[in-house]
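Subject: Structure handover

Hello,

Here is the structure I said I would pass on. Please open it beside this message, and read the notes below with it in view.

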Amino acid sequence: MSPEQPPVVAVTYVYGGPADVLAARRPEHREYLRGLVERGLLLASGPYDDDGPAGALLVFAAEPAEVERLTDEDPLVRHGVVTERTVRPWNVVLGRVG
């Protein structure tokens with residue numbers, strides 16, 4: 001990572017709130033994330049597609065403290081759908097994201 005590039009941060013969500021709230025807030029959540037993509041802060045995001053716990057992975061190009069603040073504002077976090085969240089710096093060694 002060069003000095004002018006922000007760090008890459010991986011965020012995991014686990015969904016455990018009410019399914020009806022998830023369904024009702026999903027469009028607002030996706031619009032919020034779309035705005036982060038347009039600002040160059042969110043590189044990729046999407047739900048897990050297996051039989052494990054419902055959740056998602058989000059990959060950001062921002063400082064971890066900023067990512068904490070940004071995900072605090074996510075409608076699914078604000079409305080209790082996200083019951084677990086981890087924010088961790090991620091060292092991309094091979095390949096690239098974004």
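Strands here are DSSP runs of E with at least two residues, and they are numbered from the N terminus. Leu58 lies in strand 3. Please keep in mind that this is a predicted model.

Leu58

Leu58 has a relative accessible area of 1%, and because buried means under 20%, Leu58 is buried. Leaving aside neighbours within four places in sequence, Leu58 is in contact with Val9, Ala10, Val11, Tyr13, Leu33, Leu42, Ala44 and Ser45. One of these, Ala44, is 14 residues from Leu58 in sequence, yet the two C-alpha atoms are 5.8 Å apart in space.

The nonpolar core

In soluble globular proteins, nonpolar side chains tend to be buried together. Which residues have the most contacts inside the largest nonpolar core? They are Val11, Tyr13, Tyr15, Leu36, Leu58, Phe60 and Val67, in a core of 20 residues. Two or more residues of this core come from each of strand 1 (8-15), helix 1, strand 3, helix 2 (64-72), helix 3 (75-78) and strand 4 (82-89). Strand 1 gives the largest share, four residues.

The two tyrosines

The structure holds one aromatic pair. Tyr13 and Tyr15 form this pair, with 6.4 Å from centre to centre and 55° between the planes, and the pair is tilted. Are these two residues buried or exposed? Tyr13 counts as buried because its relative accessibility is 1%. Tyr15 also counts as buried, at 18% relative accessibility.

Not counting residues up to four places away in sequence, Tyr13 touches His29, Tyr48, Ala54, Gly55, Ala56, Leu58, Thr71, Asp74, Val77, Val82, Glu84 and Arg85.

Val87 is found in strand 4 and Val37 in helix 1. Val87 has 17% relative accessibility, so it counts as buried. Val37 has 45% relative accessibility, so it counts as partly exposed.

Apart from neighbours within four places in sequence, the contacts of Val87 are Val9, Ala10, Val11, Pro64, Val67, Glu68 and Thr71. From the C-alpha atom of Val87 to that of Val77, ten residues away along the chain, the separation is 13 Å. For Val37 and Phe60, 23 residues apart along the chain, the C-alpha atoms are separated by 9.0 Å.

The second largest pocket

Rolling a probe the size of a water molecule over the atoms shows where empty space is left. How much space lies in the second largest pocket? The value is about 250 Å³. This pocket is lined by 16 residues, and the closest to its centre are Tyr15, His29, Arg30, Gly46 and Pro47.

At least two lining residues come from each of helix 1 (19-38), strand 2 (42-47) and strand 3 (55-61). Helix 1 supplies the largest share of the lining, five residues. Sorted by class, the lining has ten nonpolar, four polar and two charged residues.

Where to look

Regards

Definitions and conventions: Residues are numbered from 1 along each chain as its sequence is written. This is a predicted model: local features need pLDDT of at least 70, side-chain atom pairs count only at pLDDT 80 or more; totals for chains, interfaces and linings use all residues. Side-chain values use heavy atoms; hydrogens and water are left out. On a 1 Å grid over the protein atoms alone, a cavity is a set of points where a 1.4 Å probe fits but cannot get out, and a pocket is an open set with protein on both sides within 12 Å along at least five of seven lines; lining residues have an atom within 4 Å of a point. Grid points are joined across faces, edges and corners, and a volume is the space filled by probe spheres set on the points. Ala, Val, Leu, Ile, Met, Phe, Trp, Tyr, Cys and Pro count as nonpolar, Asp, Glu, Lys and Arg as charged, and the others, Gly among them, as polar. A nonpolar core is a set of buried Ala, Val, Leu, Ile, Met, Phe, Trp, Tyr and Cys residues joined through side-chain atoms within 4.5 Å. Buried means under 20% relative accessible area, exposed over 50%, partly exposed in between (1.4 Å probe, protein chains only). Contact means heavy atoms within 4.5 Å. Rings of Phe, Tyr and Trp (its six-membered ring) pair if their centres lie within 6.5 Å; planes under 30 degrees apart count as stacked, over 60 as edge-to-face and the rest as tilted.
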